[in-house]
Amino acid sequence: MLTKDDIRIRDPFILSDRDSNTYYLYGTTDENVWNGPSTGFDAYKSSDLKNWEGPYQVFRPDAEFWADQHFWAPEVFYHNDRYYMFASFKADGKCRGTQILTSNDPLGPFHPLTEEPVTPRDWECLDGTLFIDEHKNPWLIFCHEWLQVHDGEICAVRLALDFKSAIGDPIVLIKASDAKWTIPVRGDTDYVTDGPFIYQTQNGGLLMIWSSRSASGYAVGIARSLTGTIDGPWIHEEQPLMDEDGGHGMLFKTFKNELMLTIHAPNQTPNERPIFLLVEEQNGKLEVIK
């Protein structure tokens with residue numbers, strides 16, 4: 001058995017399977033996370049978020065797979081009796097994109113659903129996540145990367161019901177510099193957007209947590225849809241949800257129905273570890289319980 005302190009991982013994501021009382025932990029697990037050829041994704045499982053089994057090899061690319069570097073931020077969702085992985089990939093001469101993979105088991109193996117990413121092929125994109133709206137329409141929420149647009153964006157695009165293609169053009173939900181707590185990562189105009197995740201509040205509101213750089217380091221902020229729908233408009237909370245050099249978060253419910261935030265911290269390679277924090281929701285607002 002492993003503890004979370006034994007697991008080096010970035011961009012942690014939890015899938016909670018109540019039928020088997022099992023938490024599945026996914027994330028960026030390659031040792032060469034920034035440079036060189038990528039290996040794939042590993043996962044871990046636990047019944048209590050303290051003791052973990054693994055690693056399990058959930059994705060390894062075959063020889064025909066288009067990408068060979070920067071395998072980042074897998075998120076796994078159970079939808080229509082299948083498991084779908086949304087993850088970022090890149091190759092020399094090709095833009096980074098969100099690819100969707102699928103499996104009939106949460107521990108894989110996962111295989112690409114299509115030959116190409118679902119994000120625009122001439123956009124540098126990353127950190128795709130799934131949102132199902134009130135009409136049961138699936139949406140891909142993703143980052144248009146600061147390396148291409150300077151002021152990093154978070155965008156949304158409708159997906160076909162089978163997840164194999166995008167419908168229409170992406171819409172911009174937020175820009176990183178619009179939040180009061182963000183600072184540039186380079187120069188005066190380069191702001192990062194990372195790790196969007198959509199959360200429906202108990203009173204029907206729609207929140208998005210996301211990460212960028214603050215004066216304290218890597219941080220998790222909150223944006224709120226004024227209409228309660230994915231197309232917004234979105235406004236930023238003035239203060240980050242978490243501001244202690246940890247980020248790329250997501251929210252999940254424990255089997256005791258507690259709301260939890262998971263992030264990686266610190267944000268220095270190779271010291272990243274998964275962190276689990278209790279969150280309290282009151283009147284549509286979130287607060288981390290220290």
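Two strands count as paired if DSSP finds at least two bridges between them. Strands β9 and β10 form a hairpin, with 5 residues between them. The model shown here is predicted. This briefing covers its pockets, some of its strands, and a few backbone features.

**The largest pocket**

- The largest pocket has a volume of about 720 Å³.
- Its lining is made of 25 residues. F13, L15, F77, F197 and L251 lie nearest the centre of this pocket.
- Which element gives the most to the lining of the largest pocket? Strand β1 does, with 5 residues.
- By class, the lining of the largest pocket has 18 nonpolar, 3 polar and 4 charged residues.

**The second largest pocket**

- The second largest pocket holds about 490 Å³ of space.
- Here 24 residues form the lining, and R10, W34, W146, V192 and D194 are the closest to the centre.
- The elements that give two or more residues to this lining are β1, β9, α1 (146–149), β14 (206–214) and β15 (217–225).
- The lining of the second largest pocket divides into 9 nonpolar, 7 polar and 8 charged residues.

**The four-stranded sheet**

- An open sheet is built from 4 strands in the order β13-β14-β15-β16, with antiparallel pairing.
- Which strands form the edges of this sheet? They are β13 and β16 (234–236), and each pairs on one side only.
- On average, neighbouring strands in this sheet are turned by 30° against each other, direction ignored.
- Strands β13 and β14 run antiparallel and are joined by 5 bridges.
- D194 stands opposite S211 in β14. D194 is also one of the residues closest to the centre of the second largest pocket.
- In a regular strand, side chains alternate between the two faces of the sheet.

- Strand β9 is mostly covered, since 7 of its 8 residues are buried.
- Strands β9 and β10 (residues 138–144) run antiparallel, and 6 bridges join them.
- C125 stands opposite H144 in β10.
- K136 sits in the turn of the hairpin and has a positive phi of about 70°.

- Most residues other than glycine have a negative phi, and most peptide bonds are trans. The cases below go the other way.
- The peptide bond from G232 to P233 is cis, with omega near 10°. P233 lies in the loop between β15 and β16.
- The peptide bond from T269 to P270 is also cis, with omega near 10°. P270 lies in the loop between β18 (259–265) and β19 (273–282).
- N21 is not a glycine, yet it has a positive phi of about 55°. N21 is found in the loop between β1 and β2 (22–28).
- Is N21 buried or partly exposed? N21 has a relative accessible area of 36%, so it counts as partly exposed.
- N80 is not a glycine either, and its phi is positive at about 50°. N80 is found in the loop between β5 and β6 (82–91).
- Is N80 buried or exposed? The cut-off for exposed is over 50%. N80 has 58% relative accessibility, so it counts as exposed.

Key:
Residues numbered from 1 in each chain as written. Predicted model: local features only at pLDDT ≥ 70, side-chain atom pairs only at ≥ 80, totals over all residues. Heavy atoms only, no water. 1 Å grid on protein atoms, 1.4 Å probe; cavity = no way out; pocket = protein on both sides within 12 Å on 5 of 7 lines; lining within 4 Å. Points joined across faces, edges and corners; volume = space filled by probe spheres on them. Nonpolar A, V, L, I, M, F, W, Y, C, P; charged D, E, K, R; others polar. Axes fitted to C-alpha atoms, helices over the stretch in contact; angles between N-to-C directions. Buried < 20%, exposed > 50% of the residue type's maximum accessible area, 1.4 Å probe, protein only.
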